[in-house]
Amino acid sequence: MTPLLEVRNLKKHFPVRGGLLRRIVAQVRAVDGVSFTLEVGKTLGLVGESGCGKSTLGRAILQLQRPTSGEVLLQGTELTTLDRKRLHAMRRSMQIIFQDPYASLSPRRTVAQTIREPLEVHGIGTPAEREQRVEELLGVVGMRTAVLDRYPHEFSGGQRQRIGIARALALDPKLIVADEPVSALDVSVRAQVLNLIARLQREMGIAFLFISHDLSVVEHVSDQVGVMYLGRIVELAPARELYRQPRHPYTEALLSAVPVPDPTRKARRIVLGGDVPSPMNPPPGCPFHLRCPKVMDICRSVPPPVVEVGAGGASHQVACHLHA
Amino acid sequence: MSAEPILSVRDLVVEFRTEHGVVRAVDRVSFDVFPNETVGLVGESGCGKTVTGLAILGLIPSPPGRIASGSIRLAGRELVGLPESELRQLRGRDMAMVFQEPMTALNPVFTVGNQMMDILRRYKGLSRSQARAAAIELLAKVGIPAPAQRIDEYPHQLSGGMRQRVVIAMALSCDPKLIVADEPTTALDVTTQAQVLEQIVRLQQEFRMAMVLVTHDLGVVAETCQRALVMYCGRVAEQADIGPLFAHPRHPYTAGLLRSLPRVGEAEKQDLAVIPGMVPDLLDLPAGCRFAERCPRRDARCDGELPDLDGDAASPARVACFHPL
Ligand SMILES: Nc1ncnc2c1ncn2[C@@H]1O[C@H](COP(=O)(O)OP(=O)(O)OP(=O)(O)O)[C@@H](O)[C@H]1O
Ligand SMILES: Nc1ncnc2c1ncn2[C@@H]1O[C@H](COP(=O)(O)OP(=O)(O)O)[C@@H](O)[C@H]1O
Ligand code: SF4
Ligand code: SF4
Ligand SMILES: [Mg+2]
Ligand SMILES: [Mg+2]
């Protein structure tokens, strides 16, 4: 079976201009050679520190920002070379949910207008059918139809996020990129929205690319997890395996840094020195070598290859010389 | 704990005048902080954590805000009602605040060293060269590499984590008795957060300071505090030592929060426990318990009466609930 989504060596570089002539003086390598596949109805979680390229990767996959190079195949169709018209048609199958439920909804549209808009843009259904669909979608995200004529400012963060999700569902997408969908929400509502996402996946077979800096949230929702560092996926594995047996030194450090809400479990912390280097000027060799507690000579000059370390069928990939 | 508290807050009420009416952001909050102790203030957005911290430092913007009643004592001295000039003196010398966003405390047009030396000279009466040496030593203490070079850099040349360390160094510069840190690592990445929290814990012990740590992150509380207050809608729902608080939460809200957290390393893909509904609007509070609408243990009494904390200031654990767990 063709996977739902296949990403091959995807890159997105942003030119940096400088000097009087505004010439290109450097490139920000926001996404620098990412490959993975996502099966129908599964969730791939993406974690990594701020600026590592998670959002850019999400946008490049959806062609909201055209990639610099590489391929994105959605149900076998290569998206990076599609013209605007064909891309517009493909957009029905892929949607995005943003972090900030405040900024992503238009303040002047009612709930009904907001959810209906994608149906209108794609010319789907009669007005009566659309109305029915909007009510149905509200039910799916657990809201009452009494809210249809109200405006976003009248809702809490969690409710706004539900409205955003209802809108993303309007066109029956196969893939949803969720970019920090619960990061702006308080703990007590976060669980409500996470459960909703899990249910949609289960009941509607939607695949998610779930982006978050919160490792515990990602573990909870994901089948597979990819760890990004400086524009690359340095480790990719089934969620359980990644959290129980991280193989990349960066993943180990990242996991050990998560504060544990259990005072009886003192964290065995690997404290990393220094900061993430600039993606404008990534170090040679392994991108992590300046901070890696296990750095070896080869790491300083030779980029580590991606190797398969999975046992028992499931793929577990690591880009690190320790495993090469 | 037998020693005298450094900080003693009693029945603190803070109100803000808004377009729609008076908001009571903090409603009869009481707690003590002892020397060499870190007390967490934890709760969801808008529950009054920051306002409590600002009130302690005498930093409530007025208007629209004011301390409507209550008492705040620092080492026995009443702060409520002190003139601004005296509060300013105390803020430099005896207590300091670290904010979520380090740039609120840093001036972008001066070097890190200038800002630190300014404080050290003003409050400690050091000479220029003494102040510079002391500043370099403080930067080293908070874990800034190459402090003798970094001291001459401007805030924008530092990463977020380094800036927050500089702010912490500035807060420490006069050996304050009390530091209030408001979400000091919330804007940082998890690896940087781990570095900064580790420093904070170490420094707190080294300087034997009292600290109030404001955070929405229960993981941070578990790792850095000895005691915590769980706040809900401006009130303290529960207060206890960290061990019992996490092992046997007594307020239904605390219990619900702890259950709704996804935890690293133990997730089976199953639904998380949920606290239904949402936090009520401070302008439209229920007559009884503020958590009633979301509470599985609610009964008629909860709807009619507002529960107060049980026990008194000397009790090791307190809960504001008619039917605690
Ligand atoms: N300057 C102000 N004017 C009016 N209301 C205010 C002001 N500052 C705070 N409030 C209100 O006081 C309440 C408590 O605010 P506070 O910032 O202390 O909450 P918090 O728990 O720290 O929230 P967060 O986690 O979002 O920072 C909120 O309802 C807030 O809207
Ligand atoms: N439009 C742009 N122009 C220049 N640099 C950009 C642009 N968008 C993103 N970047 C850079 O790309 C890197 C990755 O950004 P992003 O994907 O937003 O990170 P995050 O993982 O926090 O979502 C960052 O260094 C960011 O500054
Ligand atoms: S390749 Fe070398 S520097 Fe990179 S993570 Fe592995 S051991 Fe560390
Ligand atoms: S007082 Fe009643 S409603 Fe409030 S938390 Fe306790 S049981 Fe629940
Ligand atoms: Mg992002
Ligand atoms: Mg706050």
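I took contact to mean heavy atoms within 4.5 Å. The model I looked at is predicted.

**Chain A against chain B**

I looked up the contact first. Chain A puts in 44 residues and chain B 43 residues. I then looked up the buried area. The two chains bury about 3,700 Å² between them. Carbon and sulfur atoms account for 54% of that area.

Nine residue pairs across the interface meet the rule, both residues at pLDDT 80 or more.

**The side of chain A that touches chain B**

Which helices of chain A each supply at least two residues here? I listed α6 (187-204), α7 (215-221), α8 (239-244) and α9 (249-257). The largest share, 10 residues, comes from α6(A). By class, I noted 19 nonpolar, 12 polar and 13 charged residues on this side of chain A.

**Ligand 3**

I moved on to the residues around ligand 3. Among them are the cysteines A:Cys286, A:Cys292, A:Cys299 and A:Cys320. The histidines A:His248, A:His289 and A:His321 are also there. The shell divides into eight nonpolar, three polar and one charged residues.

**Ligand 4**

I counted 13 residues around ligand 4. Which of them come nearest? They are B:Cys289, B:Cys295, B:Cys302, B:Cys321 and B:Phe322.

Conventions:
Residues are numbered from 1 along each chain as its sequence is written. Chains are lettered from A and ligands numbered from 1 in the order in which they are written. This is a predicted model: local features need pLDDT of at least 70, side-chain atom pairs count only at pLDDT 80 or more; totals for chains, interfaces and linings use all residues. Side-chain values use heavy atoms; hydrogens and water are left out. A residue is near a molecule or strand if one of its heavy atoms lies within 4 Å of it. Ala, Val, Leu, Ile, Met, Phe, Trp, Tyr, Cys and Pro count as nonpolar, Asp, Glu, Lys and Arg as charged, and the others, Gly among them, as polar. Buried area is the accessible area (1.4 Å probe) that two parts lose on being put together, summed over both. A polar contact is a pair of N or O atoms within 3.5 Å; within protein, one must be able to donate a hydrogen and the other to accept it, and residues adjacent in sequence count only if both atoms are side-chain atoms. Helices (H or I, at least four residues) and strands (E, at least two) are DSSP runs, numbered from the N terminus.
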